[in-house]
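Good morning, colleagues, and thank you for making time for this presentation.

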Amino acid sequence: MTSRPNRIARFGQAMQQRRGLIQLIQWVVVGLYAFLLVVPALLPLPDYQAHILTSLTVFAEFVFWGLWWPFVLISMVLMGRVWCGVFCPEGTLTEAASRIGLGRPIPDWMRWGGWPFVAFLGTTLYGQLASVYQYPLGALVVLGGSTVAAIIVGLIYGKGTRVWCRQLCPVNGVFNLLARLSPTHFRTDQAQWAAHNQAVRNGDAVRMSAPDCAPLIPLKQLDSAGDCHACGRCSGYKDAMQLEWRAPGAELVEPPQPVRFTHYSVLVFGLLGIAIGAFSWSASPWFVQIKQLLAFWLIEHDLMWPLTTTLPTWILTNYPEHNDVFNLLDGSLITLWIVVGGGLLGAATSLPLLLGNWLMGGKATLSRLWHLSLSLIPLGGLGVFLGLSATTMTLLRGDGINLTWANDLRATLLVLACLWGLRLAWRITGEQLNSGQLGGGSTSRLIGTTSVAMACLPAIGVWYLMFWGW
């Protein structure tokens with residue numbers, strides 16, 4: 001039993017010792033990212049007969065949306081934020097820019113706790129309006145725009161750090177949540193930290209240079225995979241920091257730091273609201289019916305400009321050669337569907353949690369509610385994976401690959417995500433009971449777990465409609 005932690009700790013130490021190899025990997029990924037993002041946007045759009053292996057544009061679409069992003073999400077659950085620390089091109093570029101930039105301190109406005117949700121909402125909405133999954137120009141504007149913003153932030157703020165990643169990255173809030181499920185994390189042994197400091201004061205040990213923590217984490221308190229980029233730079237520092245195994249989801253049961261409304265908003269109104277709204281509008285007959293009703297009303301009242309006005313392609317999808325043009329009515333309806341629909345889904349998810357928090361006994365604090373909501377992370381993460389993998393399925397079907405088993409797999413994954421969430425809810429309420437936050441024993445735990453089960457239903461209902469018919 002002791003060999004496993006030793007092996008994983010040695011892997012973390014190897015990451016620290018092989019910084020040159022990691023930096024080489026980072027810049028190779030930057031080059032691949034730039035090529036697949038920029039070159040397809042400069043090429044003519046492929047026709048409907050193009051395939052993954054015959055068209056660079058379709059190949060890039062498959063890599064970005066069919067493989068890259070879905071499996072980045074999986075990596076968060078399996079290995080924490082190793083993607084951020086080792087592979088992410090935006091992280092590499094913003095850190096490199098920061099090393100030669102102005103080095104200004106982080107302003108107060110950038111530290112606002114609402115940025116994870118606002119950035120996620122803005123990027124998701126803009127991506128749908130620009131058809132980011134279907135067209136290379138949309139991908140260039142959304143992903144490339146984010147990369148340029150990351151470089152600009154690096155040139156102005158911090159000194160060799162990743163201010164963009166810590167404060168403004170559109171997926172930082174999502175990655176923060178998913179990484180907490182990981183069975184590995186870097187952790188600081190407080191007793192060993194203190195012992196090393198005492199040894200330095202006694203002259204029995206040499207003072208060690210502090211590692212360069214790019215995401216600006218106080219290393220002495222490191223005990224969470226949420227913000228840590230798992231880059232390995234701190235491994236072995238003061239003989240107190242190392243990569244360790246832990247039970248999957250253990251950090252959700254006993255959070256090392258207070259759970260905040262920021263986490264709740266990204267999870268309930270972001271992953272289980274906004275994201276589902278973004279994935280569902282194009283498949284919904286209700287969206288088409290609403291659009292037709294509004295179009296007829298506008299025509300009857302001689303208000304033609306919402307139906308005839310279009311915008312540049314980089315703002316609103318405009319590809320007449322492919323019969324794919326969004327007018328102002330389309331753009332407005334997509335925005336309303338995602339924002340209002342996402343808000344309603346988030347509210348429907350919140351109601352059972354609020355009711356359960358009230359019925360569980362004890363003092364029904366918001367912090368207890370935020371904590372219990374973390375049990376929905378498996379379902380929220382799986383939902384984004386299912387939405388992105390729909391592009392994977394579409395492209396593979398276009399190449400003639402039989403995927404009749406896909407819906408059975410989706411149903412199985414939804415069931416497993418819900419069961420994992422219920423197990424987490426039972427463990428979280430057990431921890432709350434032990435800490436005196438609940439007042440009704442096992443009955444309170446059952447109420448809390450049931451409320452989580454009810455909170456899963458809105459998201460499951462929409463996924464059912466999307467994959468098994470409206």
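Predicted model: local features only at pLDDT ≥ 70, side-chain atom pairs only at ≥ 80, totals over all residues.

Let me begin with a question: does C88 count as buried or exposed? At 16% relative accessibility, C88 counts as buried, since the cut-off for that class is under 20%.

The protein chain has an average pLDDT of 94, and 99% of the residues score at least 70. Among the elements of the chain, the lowest mean pLDDT, 84, belongs to helix α1, residues 3-17. The highest, 98, belongs to helix α9, residues 172-179.

A disulfide is a covalent bond between the sulfur atoms of two cysteines. How many disulfides does a search of the whole structure find? The search finds zero. For C88, the closest cysteine sulfur is that of C165, at 5.9 Å, and this is too far for a bond, because a disulfide requires the two sulfur atoms to be within 2.5 Å.

I turn now to the open spaces. The largest pocket holds about 1,000 Å³ of space. It is lined by 35 residues, and those closest to its centre are E61, Y133, Q134, T391 and T394. Which helix gives the largest share of this lining? That is α17, with seven residues. Helix α17 spans 377-398, and it is one of five helices that each supply at least two lining residues; the others are α3 (56-79), α6 (115-129), α12 (261-280) and α19 (441-468). By class, the lining of the pocket consists of 19 nonpolar, twelve polar and four charged residues.

L336 and T394 are separated by 58 residues in sequence, and their C-alpha atoms are 26 Å apart in space. L336 itself belongs to helix α15, residues 328-359, and is partly exposed, with a relative accessible area of 49%.

A search of the whole structure finds three cavities of 30 Å³ or more. The largest cavity contains about 630 Å³ of space. Of the 35 residues that line this cavity, W65, W69, T123, L143 and V171 are the closest to its centre. What is the make-up of this lining by class? There are 27 nonpolar, six polar and two charged residues.

Finally, I would draw your attention to two aspartates in loops. D239 sits in the loop between α10 (190-201) and β2 (241-245). Although D239 is not a glycine, its phi is positive, at about 55°. D239 is exposed, with a relative accessible area of 56%. D302 is placed in the loop between α13 (285-300) and α14 (305-308). Its phi is likewise positive, near 55°, in a residue other than glycine. D302 is exposed, with a relative accessible area of 63%.

To conclude, let me recall the point with which I opened: C88 is buried, and the search of the whole structure finds zero disulfides. Thank you for your attention.

Methods. Residues numbered from 1 in each chain as written. Heavy atoms only, no water. 1 Å grid on protein atoms, 1.4 Å probe; cavity = no way out; pocket = protein on both sides within 12 Å on 5 of 7 lines; lining within 4 Å. Points joined across faces, edges and corners; volume = space filled by probe spheres on them. Helix = DSSP H or I, 4+ residues; strand = E, 2+ residues; numbered from the N terminus. Nonpolar A, V, L, I, M, F, W, Y, C, P; charged D, E, K, R; others polar. Buried < 20%, exposed > 50% of the residue type's maximum accessible area, 1.4 Å probe, protein only. pLDDT = per-residue confidence, 0-100.
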